Amino acid sequence: MKNDAAPRAAGCSATTATSELGAGPDALSLRCAAIGARLGAVCGALLIFLGGLYLTGLLPSRQPWRESFRGLPGAPPEAAAFSWGDGHDLALIGLLALQLPVIVCLAFVAAHGIRARQRSLAGAALLILLIGVTALRGGALCR
Amino acid sequence: MPELAQMAGIGPDGWWLLALFGACVLIGIVAVQAGVGGGVLFVPIVGGLFPVPLEAVRATGLLVALASALVSMPALLRMNMASLRLSLPAALVASVFGVGGAALSFALPARAMQAGLGIAILGICALFVRVRPREGPDVGPVRGDRRRDISGAYWEPSLRERVEWTARRARLGFSLFSGVGLIAGLFGLGAGWANVPIFNLVMGVPIKVAVATSALVIAFTTSPLIWMYYHGGALSPAVGVPAVLGIWVGTRLGVRLLSGARPKSVRRMVIALLLLAGVRSLLRGLGVAWIP
């Protein structure tokens, strides 16, 4: 509550007031915040829905959750073909989708950096995305 | 307990699931009040108390760290506390070494990982006990080329003024993130416990900016690591779904309960818990027979 005391006294929102004082977020940060909030909410809802289908057993699953508390969690994904009707696979998608806000935010930062000719910003964001793609494609290191 | 489980019709494994959700709600509440990340509490506590393999606990630890960071990221960016420009180089270094750490974790024997986790947790405990954060920015002289400085400003309501900061010792600071990334990848511990002291004490960034930017670094770093654990077959929805949902609920409850909290006593409790979990994990790794 204390946070917004000064800006509210001036009759405006915290963001507007701090922006006027030169301490507010730039357009890039605001855009990333919006992306994070919206996609975060979507991913949360997706996780509740898909995770719920798996844990309640409404969808058949090649790997029921009860087995997870008895032994190794799961074979590598290549061991069985992915199926859109499998509860386990869909719940896994729900978990992996949590990365979506981060990926979209990084892509947006990279695009902004390229447009604004901020090479270090664009380079760092693109390299992190590249590491992600390498980890996605090159996870064979773990097998 | 088994009779109770049968009466409820969910079986003994169902109780584990509910207990995991409940434990994660508590971890979320305590983490907010103690000012630590969820991942650093999740791995030692769930790894010690639940019959879940360490690989699955480590993988879920990363998911928990990512979920906690996602909850706070938008608000921190809007308040201009979290700096994208400061977080990206740190996250880049941490990601490279984190992917290496995750790959290494699957190559090391289970007992070595258990002992290593114990040592890492005890090290984090020592860090929590010894490190005293600096509130304001470091205002000493800056050497070198100022054009490449990463700087920012935010509105500090307690002082009712704009606080300007500039990150110093960037090379040293960003190189330290290599070690942070390696440990995060190896043990799935998140990285807030190390990000904040590096930003604050090494790079001279105000503590509020350090904490907020750390959430961005965690989000950017854990994303590639999750793919490594996925390929290693360690990502389990049965553990991940209740853990992430529990942490979300706990974090939100923790924020609401924050006004009545006693951060010092909660922090002491967290340190005691981590100490116990660290010693236990180390002894298990060393093969001490009486450790279950």
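**Exercise 1.** Does B:Arg169 count as buried, exposed or partly exposed, and what is its relative accessibility?

*Solution.* In this predicted model, local features need pLDDT of at least 70, side-chain atom pairs count only at pLDDT 80 or more, and totals for chains, interfaces and linings use all residues. Residues are numbered from 1 along each chain as its sequence is written, chains are lettered from A and ligands numbered from 1 in the order in which they are written, and side-chain values use heavy atoms, with hydrogens and water left out.

Step 1: buried means under 20% relative accessible area, exposed over 50%, and partly exposed in between, with a 1.4 Å probe and protein chains only.
Step 2: B:Arg169 counts as partly exposed because its relative accessibility is 42%.
Step 3: B:Arg169 sits in the loop between β2 (161-166) and α7 (170-187) of chain B, where helices (H or I, at least four residues) and strands (E, at least two) are DSSP runs numbered from the N terminus.

**Exercise 2.** Find the phi of A:Arg117 and the loop that holds this residue.

*Solution.* Step 1: A:Arg117, although not a glycine, has a positive phi of about 55 degrees.
Step 1: its place is the loop between α5 (100-115) and α6 (119-137) of chain A.
Step 2: A:Arg117 counts as exposed because its relative accessibility is 75%.

**Exercise 3.** Describe how α4(B) is covered, and what follows just after this helix.

*Solution.* Step 1: of the 25 residues of α4(B), 20 are buried, so that the helix is mostly covered.
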